[in-house]
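Please read this report alongside the sequence and the coordinates. The text moves from overall dimensions to selected residues.

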Amino acid sequence: MSLTASARRPVLTDLIARPSARVHAFALDAALVIAGAAFVALLAQVEVPLWPVPITGQTLGVVVVGAALGARRGAAALTTYLLAGLAGLPVFAGFSGTLAAVAKPSFGFIIGFIGAAFVAGWFAERAWDRRPVLAFVGFVSASVIPFLFGIPYMALILNVFGGAGLGVAEILDFGLWPFVLGGVIKAAVAAILIPAAWLLVRAAERGTRH
């Protein structure tokens, strides 16, 4: 699998006619990035009761935005989301947003969302998002990224600054295992939604040829 730019395939938002003028093209990209951040902010408020912990829509929004916008714009959208929350806009879960969020044990996961969106977009740029099985593999891979940031950050806040003295097993019990099922479910939902969107695109293209 090539890592070069030549391997890139169009993502869903690339189907929008791109203006030839550089300023207008930049404005389109900026609008897509802001829309992506807003979409994640909206899904962050969605909560589905599930044992052992509720599922929020936040990670689903991250994966969908990354796949729809592509790696760079997806990462930019989640960076915008993070900065908007730190600036005080109520975009985080529970309509929260404050600079003090950096002191919360869960903030590392929000940092990891940027990488997750990039990875989801990278797979989409290789056309993995057009077939459910490949999309699921790619989206599960993307869903792992927030934990790579979130769990060490959680340990730092709880143990170093909070003096909790939790061991690795306790940190994993608190910050990983309860969320595995929800992560798999959200990856599966995204692996249905994005390929379904591509099916609609292909159907529309066939309709215009007749």
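## Basis of the description

This is a predicted model, in which local features need pLDDT of at least 70 and side-chain atom pairs count only at pLDDT 80 or more, while totals for chains, interfaces and linings use all residues. Residues are numbered from 1 along each chain as its sequence is written, and side-chain values use heavy atoms, with hydrogens and water left out.

## Overall fold

The protein has seven helices and two strands, where helices (H or I, at least four residues) and strands (E, at least two) are DSSP runs numbered from the N terminus. Their order from the N terminus is α-β-β-α-α-α-α-α-α.

The C-alpha trace spans about 65 × 35 × 35 Å along its principal axes. Of the 210 residues, 43% count as buried, meaning under 20% relative accessible area with a 1.4 Å probe and protein chains only. Among contacts (heavy atoms within 4.5 Å) with a separation of 6 or more, 69% join residues 24 or more positions apart.

## Nonpolar cores

A nonpolar core is a set of buried Ala, Val, Leu, Ile, Met, Phe, Trp, Tyr and Cys residues joined through side-chain atoms within 4.5 Å. The largest one holds 28 residues, of which Val62, Leu78, Tyr81, Phe92, Phe107 and Ile110 touch the most other members. Helices α1 (22–43), α2 (58–69), α3 (71–86), α4 and α5 each supply at least two residues of this core. A second, separate core of 18 residues includes Leu60, Val63, Ala67 and Ala120.

Beyond its neighbours within four places in sequence, Leu78 contacts Val40, Val62, Val65, Phe113, Ile114 and Ala117.

## Leu86 in helix α3

Leu86 belongs to helix α3 and is buried, because its relative accessible area is 19%. With neighbours within four places set aside, its contacts are Phe92, Thr98, Leu99, Ala101, Val102 and Phe107. The C-alpha atoms of Leu86 and Val102 lie 8.1 Å apart, although 16 residues separate them along the chain.

## Asp129 in a loop

Asp129 sits in the loop between α4 (107–124) and α5 (132–161). Asp129 is buried yet has no salt bridge, the nearest side chain of opposite charge being Arg130 at 4.2 Å; a salt bridge requires a side-chain nitrogen of Lys or Arg within 4 Å of a carboxyl oxygen of Asp or Glu. For charge, Lys and Arg count as positive and Asp and Glu as negative, with His and the chain ends not counted.

The side chain of Asp129 does make a polar contact with that of Trp198, at 2.7 Å. Such a contact is a pair of N or O atoms within 3.5 Å; within protein, one must be able to donate a hydrogen and the other to accept it, and residues adjacent in sequence count only if both atoms are side-chain atoms.

Definitions and conventions. Buried < 20%, exposed > 50% of the residue type's maximum accessible area, 1.4 Å probe, protein only.
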